[in-house]
Amino acid sequence: MYLKTLSLGLVVGLLASTSAMALDTKRLEPKDEKFSFEGPFGTYDRGSLQRGYQVYKEVCAACHSANHLAFHDLAEAGGPEFTEAQARALATAGKLPADPNDKGETTDDKGAPLMRSATLADHFPSPFPNEQAARANNGGALPPDLSMVVKAREGGPQYVYSILTGFGGTPPHGFKVTDGKYYNPYFEGWNISMPPPLKANTVSYSDGTKATVEQEAHDVVTFLTWASEPKMEERKRFGFGVLAFLVLLAGVLFAAYRKVWKDAH
Amino acid sequence: MSGPSTYTPKSGIEKWIDQRLPLPRLMHDTMQTFPTPRNLNIWYTFGGILTFCLAIQIVTGVVLAMHYVANAGLAFDSVESIMRDVNYGWLIRYMHANGASMFFLAVYIHMFRGLYYGSYKAPRELIWIIGVLIYLLMMATAFFGYVLPWGQMSFWGATVITNLFSAIPVIGTHIATWLWGDFAVGDATLNRFFSLHYLLPFIIAAVVGLHIWALHVPGNNNPLGIDVKTPQDTVPFHPYYTVKDAFYLVLFVILFAVFVFYAPNFFGNPDNYQPANPLVTPPDIVPEWYLLPFYAMLRSIPNKLMGVIVMGGAIVTLVFIPWLDTSRVRSCSFRPMMKQFFWAFAVVCVLLGYCGSQPVDAAIAGVPLVWVARLATLYYFGFFWLIMPIIGLIETPKKLPASIAQSVLGASAAPAE
């Protein structure tokens, strides 16, 4: 297996060196976008998380699932911190396949599957019932689940932000955009199956924030980073306490160490 | 564990127990009064640190196993549920995942320390060989553990490593099938890897017991590499080394905590947060950092069977070190030539690790890394099989101090001649 990769690698290397004219479609370095959650004391910007959820729900969720997120997460500390009533309202708007009814039926009179409203305990509903349906609706490509997309990509938040804002450029001379694909130089190979998801005012923010593409991308990436690491704030806070204790303990032990060894060397 | 015991029971109960099961005596002789060279430096604290690492891995691992589901369809989601729904599950999993890296960091320091100070030389050959066995068991355990989250790297790492066995002529494919329990890595493989991942740490714990037992027969080597001659050369293990080990252990735990709380995915691969998919091969399959030097050796040999033999040989070689080193002097501090080859060896190991981490067709300054890895592999084997025996014969070591006590306390402490 590794041999195959090895020989493939050698062939690719050879091709690359002999045909210097071939276009290198390696992805560009992600943009250097700054986020509130960076650094040892960084926390999620609550407003950005709530706006990001709106972008996710109104735009991304049309094609992408986020299977690991539950509605109650939206009301938990360290997250978007909607009130429980708000989270419940958001859940109720979501529809999930229902259990069979008392007669054992799984469809209504017209043959449509029985549905029910989601509760706080439910995970986010998927836009498609299965992978085949998802592919059929997206030109053969599978929109990845977004629960951990930020952790699952090299470059993390900056990478996802760059993808979302990386559309619209003119492809360089000699690069052909594949039919049904879109040009995005931040994506490996530059051909991406996802159409540009964000435009100015794709969503309308209720808090008066101006919905530019950059703002929408920033907010939804904040939301998706929280989706990847919902316990980040707790983790950093906990870590500070642990480190403070350990440093103190190290100090005490160092004093003991010096005292015990005073006459031994 | 060896030598005359200095234990005297202090109470009737202790005496009663001591006559039936001398456990208090064992504890007293090995952890309290045990005569330890007074000149052990910071690099000798890693034995204790490693015991701590093993304990942390077992404790966090047992808790993780309460929530983990070893099933190809459920494993990935169960790990995510530990991260999100289990109380402090994120803490326990991040401790376990980073704990593995810290364990290897510590064991590499421990091994290089043994190599530098000649701790493998007579009469400590068995301590070293048992140590190599522990290292091998650690690598197996870590590999099985990395498969369990059933992410992309888990799956493809398992595929690459188990496929190595298929390089064995005639029976190789059968061995691979037998290992998988199927015709490819799948649910059966995941289940047995989980079983073995739970089993091996306890075997490691038992072998660590042998390691320490063997250590307590001749006692510790020391940075001077000379034998303990008088009681003046030693101090009792407690409180001298309990306090010193505890201090450096806490410094180590601080480093550990920085990773767990502030960079928990530093050692991880982003691909492993994508569920295993047998239909999509990641562009670069990379093992965890602590296996990279061996991976580089494997990839640098263009024949698969030879690659596997070289990789295995790199570990088997370690067993022979006690007899490959022909020098009469243990510590590299008194071996001006060997010291330089030792540091070159350390650099080569890091270089091999770097080569293993890079794509297979990568190059630095126009030199293909595969050639860098080949030369480094050559040095790795040359260091043990040629340099070690030859240098030991031709080198003139520096003059050794008369005693540990004299070296530490100055001439005044020298015993009267």
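Which residues does Tyr120(B) touch, not counting residues up to four places away in sequence? The first legend gives the reply; every view is taken from a predicted model.

View 1. Beyond four places in sequence, Tyr120(B) touches Gly114(B), Glu125(B), Trp128(B), Ile321(B) and Pro322(B). There are 26 other C-beta atoms within 10 Å of Tyr120(B), so the residue is buried, the cut-off being 20 or more. Asn221(B) is 101 residues away from Tyr120(B) along the chain, and the C-alpha atoms of the two are separated by 9.0 Å.

View 2. Tyr68(B) has 19 C-beta neighbours inside 10 Å and counts as partly exposed. Its contacts, leaving aside neighbours within four places in sequence, are Ser78(B), Val79(B), Ile82(B) and Leu148(B). Of these, Ser78(B) lies 10 residues from Tyr68(B) in sequence, with a C-alpha to C-alpha distance of 5.6 Å.

**View 3. The largest nonpolar core, with its 52 residues.** The members that touch the most other members are Ile49(B), Cys53(B), Phe103(B), Ala106(B), Val147(B) and Trp150(B). Two or more residues each come from helices H3 (46-67), H4 (75-84), H5 (89-116), H6 (125-147), H7 (152-163), H9 (187-215) and H10 (237-262) of chain B. H5(B) gives the largest share, 12 residues. Another core, of 44 residues, lies apart from this one, and includes Ala70(A), Ala118(A), Phe124(A) and Val160(A).

**View 4. Packing of H3(B) against H5(B).** The two axes come within 9 Å and cross at roughly 155°. H3(B) and H5(B) are therefore roughly antiparallel to each other, and their crossing is left-handed. The contact of H3(B) with H5(B) comprises 15 nonpolar, 9 polar and 2 charged residues. Cys53(B) can be followed in this view: outside four places in sequence, Cys53(B) is in contact with Gly99(B), Met102(B), Phe103(B) and Ala106(B).

**View 5. Packing of helix H13 (residues 336-357) against helix H14 (residues 369-394) in chain B.** The axes of H13(B) and H14(B) are 9 Å apart, at an angle of about 150°. That angle is over 145 degrees, so the pair is roughly antiparallel. The crossing is left-handed. H13(B) contributes Met337(B), Met338(B), Phe341(B), Phe345(B), Val348(B), Leu351(B), Leu352(B) and Cys355(B) to the contact. From H14(B) come Leu369(B), Val372(B), Ala373(B), Ala376(B), Tyr379(B), Tyr380(B), Phe383(B), Ile387(B) and Ile391(B). By class, this contact has 17 nonpolar residues, with no polar and no charged ones.

**View 6. Helix H11 (residues 292-300) of chain B.** Is H11(B) largely enclosed by the rest of the structure or exposed, and why? H11(B) is largely enclosed, because 9 of its 9 residues are buried. They are Leu292(B), Pro293(B), Phe294(B), Tyr295(B), Ala296(B), Met297(B), Leu298(B), Arg299(B) and Ser300(B).

**View 7. Crossing of H11(B) and H13(B).** The axes come within 7 Å and cross at roughly 70°. H11(B) and H13(B) are therefore roughly perpendicular to each other, and H11(B) passes H13(B) in a left-handed crossing. On the H11(B) side, the meeting residues are Leu292(B), Pro293(B), Tyr295(B), Ala296(B) and Met297(B). On the H13(B) side, they are Cys349(B), Leu352(B), Gly353(B), Cys355(B), Gly356(B) and Ser357(B). This contact divides into 8 nonpolar, 3 polar and no charged residues. Leu352(B) and Cys355(B) are also among the residues through which H13(B) contacts H14(B).

**View 8. The contact between chain A and chain B.** In this view, 36 residues of chain A are in contact with 33 residues of chain B. Helices H1 (2-18) and H7 (232-261) of chain A each supply at least two residues of the side of chain A that touches chain B. The largest share of that side, 16 residues, comes from H7(A). By class, the side of chain A has 24 nonpolar, 6 polar and 6 charged residues.

Methods. Residues numbered from 1 in each chain as written. Chains lettered and ligands numbered in written order. Predicted model: local features only at pLDDT ≥ 70, side-chain atom pairs only at ≥ 80, totals over all residues. Contact = placed C-beta atoms within 7 Å. Helix = DSSP H or I, 4+ residues; strand = E, 2+ residues; numbered from the N terminus. Nonpolar A, V, L, I, M, F, W, Y, C, P; charged D, E, K, R; others polar. Core = buried A, V, L, I, M, F, W, Y, C linked by C-beta atoms within 7 Å. Buried ≥ 20, exposed ≤ 12 C-beta atoms within 10 Å, placed from the backbone. Axes fitted to C-alpha atoms, helices over the stretch in contact; angles between N-to-C directions. Parallel < 35°, antiparallel > 145°, perpendicular 65-115°, else oblique. Left-handed = near helix turned anticlockwise from the far one by under 90°.
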